[in-house]
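Okay, thanks everyone, I'll keep this short. Have a look at the model on the screen while I walk you through a few spots.

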Amino acid sequence: MPTSTSPASTHRRGWPHDDGYRPGRFTGWIVPLAFLLLVEAGARLELIPARLLPPPSELAHTLWSLAQRGELLPHIAASLARVASGFVIGSALAVALGLLVGISRRAEALLEPSFQALRAIPSLAWIPLLLLWLGIDETPKVVLIAIGAFFPVYLNLVAGIRDIDHKLIEVGTTSGLNTQALIGHILLPASLPYLFAGLRGGLSLAWMFLVAAELIAATKGVGYLLSDGRESSRPDLVLAAILILALLGKLSDGLLRQLETRSLTWRHARQHADKAL
């Protein structure tokens, strides 16, 4: 005799554990706002040395002063341009080479060992070589960011292609699809979840590599603000630059996540169908 399934048990299917909780629109702001309030209160009560950790009100004043002098937006625009250029270049190369390694064992045997060795090189180790090769203009900065964005996208795409059910590929080949059509209709769509995971990881590393990139004779950029704050012993400027990086990284990741949601509507529809069973 079939047993009835309660709504509670239906909600608990899948991972992460779903007990029917739905977060509010601003739930994610609770922790950072509480932290800022605690730091402000600690500074006001002189429990936290302001010379080490300036209160949020002082950071807001620093940002407002930079904006009034017309310095804030040019720094942000310079960093955005570098991250966007490096991320697009690195991701495009990663997709091309990831597809090649994913579908060809010869390419995998030839390229994979070198990529794994290059992945282990720290970002700062590239700076002297890029300076010698490319000079001190924008090119070495963009190349360094592209290097940072390349590996997460490449690794995730290769993993996604290897995780595709071979029956899908067999269906495609028996249907007469050539290599280009197989990539466009089966390999890329099936590996999209992995690709977007790699893109988000690559975007995060692009922002991290930006700081190292803007140490290369930069006169503008958020990384330059970090260096300027360190040299002038201004923790408020250093923390303001860190706050800008956090906000820009969060906003860019949010845009990429929206694109991921729209591109993977079929996966969400399937998950809802599985929960209904």
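This is a predicted model: local features need pLDDT of at least 70, side-chain atom pairs count only at pLDDT 80 or more; totals for chains, interfaces and linings use all residues.

**Core, a buried arginine, and a bent helix**

The largest nonpolar core holds 50 residues, and the ones with the most contacts inside it are V83, L144, Y154, L199, W207 and I244. The elements giving it two or more residues are α3 (56-68), α4, α6 (123-134), α7, α9 (179-190), α10 (192-213), α11 (222-231) and α12 (235-263).

Take L144 from that list. If you skip neighbours within four places in sequence, L144 touches S123, W126, I127, L130, F209, A212, A213 and I216.

Now for R82, which sits in helix α4. Is R82 buried or exposed? R82 counts as buried, because its relative accessibility is 6% and the cut-off for buried is under 20%. And what does its side chain pair with? There's a polar contact to the side chain of E138 at 2.8 Å, and another to the side chain of E214 at 2.7 Å. Again leaving out neighbours within four places, the contacts of R82 also include K141, I145, L210 and A218.

Last stop, α5, residues 105-119. That helix has 15 residues and spans 20 Å from first C-alpha to last, close to the expected 21 Å. Still, α5 bends by about 40° at L111, with a proline, P113, following within four residues. At the N-terminal end, S104 is the cap, with a side-chain oxygen 3.4 Å from the backbone nitrogen of R106. The buried residues of α5 are A107, E112 and F115, and they pack against α4 (72-103) and α7 (138-162).

Note on methods: Residues are numbered from 1 along each chain as its sequence is written. Side-chain values use heavy atoms; hydrogens and water are left out. The expected span of a helix is 1.5 Å times one less than its number of residues. The bend at a residue is the angle between axes fitted to the seven residues ending there and the seven starting there. Buried means under 20% relative accessible area, exposed over 50%, partly exposed in between (1.4 Å probe, protein chains only). Contact means heavy atoms within 4.5 Å. A polar contact is a pair of N or O atoms within 3.5 Å; within protein, one must be able to donate a hydrogen and the other to accept it, and residues adjacent in sequence count only if both atoms are side-chain atoms. A nonpolar core is a set of buried Ala, Val, Leu, Ile, Met, Phe, Trp, Tyr and Cys residues joined through side-chain atoms within 4.5 Å.
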